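The sequence and the model are shown first.

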Amino acid sequence: MMERQDLLFKNRFYFYILILLFCDIATKQLALSFLEKGISSSFIPFIDLYLIFNSGIAFGFLDLGEKFFSNILLIIAIIIVIYLLYLLNEENDTSKKLALSFITGGALGNIVDRAPDGYVTDFLHLHVDNFSFFIFNFADASISLGAILIIYLEIFKKDHAKRD
């Protein structure tokens, strides 16, 4: 029994990926069900709900609206996810594994969304007063949080190693 619990604990990061994927799919479905494309609705002071469809990469970059380019991005994303899963499997640091789980879960969410029609559903509009930053989704936020955590860990560990 203990061996099974150890295996489940060791593989919890794959479960985190599935949770993030589910949350991304669920929030995109809610956005598609309740929001109208191009109509802004207040959500919290610095984020509005604003439904758009993005053929580019995170936060609308490279949104050229071309199916061919979107398919290339899809293939690249699948290759990246395979590599991220490899890194997750090889990594020993639990904090880095958590960060890789966030990135992988977000990437899978956008792959699942992009695959049928070449577009990703974005619906969270970040702004400060009248200055608009970008429109993103739960998957983009997961990827960003994972990347920030990895950067933080790298800076902290390098800084910590210098003191020793």
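This is a predicted model: local features need pLDDT of at least 70, side-chain atom pairs count only at pLDDT 80 or more; totals for chains, interfaces and linings use all residues.

The protein has 164 residues, of which 34% are buried. Among contacts with a separation of 6 or more, 65% are between residues 24 or more positions apart.

**Packing of H2 and H4**

Two packed helices are described by the angle between their axes and the distance between the axes. For helix H2 (residues 12-34) and helix H4 (residues 94-117), the angle is about 35 degrees and the axes are 8 Å apart. The crossing of these two helices is right-handed. On the H2 side, the residues in contact include Phe13, Tyr16, Ile17, Leu20 and Leu21, while those of H4 include Leu98, Phe102, Leu108 and Val112. Charged residues also take part, among them Arg12, Asp24 and Lys28 of H2 and Lys97 and Asp113 of H4. By class, the contact comprises 10 nonpolar, 6 polar and 5 charged residues.

His127 is placed in strand E3 (residues 120-128), and Glu154 belongs to helix H5 (residues 138-163).

| Residue | Partner | Side-chain polar contact |
|---|---|---|
| His127 | Asp48 | 3.3 Å |
| Glu154 | Lys96 | 2.5 Å |

Is His127 buried or exposed? His127 counts as buried because its relative accessibility is 11%, and the cut-off for buried is under 20%. Apart from neighbours within four places in sequence, His127 is in contact with Pro45, Phe46, Ile47, Asp48, Ser132 and Phe133. One of these, Asp48, is also the partner in the side-chain polar contact of His127.

Glu154 has a relative accessibility of 29% and therefore counts as partly exposed, a class that lies between the limits of 20% and 50%. How far apart are the C-alpha atoms of Glu154 and Lys96? They are separated by 9.3 Å, although the two residues are 58 residues apart along the chain. The side chains of Glu154 and Lys96 are joined by the polar contact of 2.5 Å.

Conventions:
Residues are numbered from 1 along each chain as its sequence is written. Side-chain values use heavy atoms; hydrogens and water are left out. Helices (H or I, at least four residues) and strands (E, at least two) are DSSP runs, numbered from the N terminus. Buried means under 20% relative accessible area, exposed over 50%, partly exposed in between (1.4 Å probe, protein chains only). A polar contact is a pair of N or O atoms within 3.5 Å; within protein, one must be able to donate a hydrogen and the other to accept it, and residues adjacent in sequence count only if both atoms are side-chain atoms. Contact means heavy atoms within 4.5 Å. Axes are lines fitted to C-alpha atoms, for helices over the stretch in contact, and angles run from 0 to 180 degrees between N-to-C directions. A crossing is left-handed if the near helix is turned anticlockwise from the far one by less than a right angle, and right-handed if clockwise.
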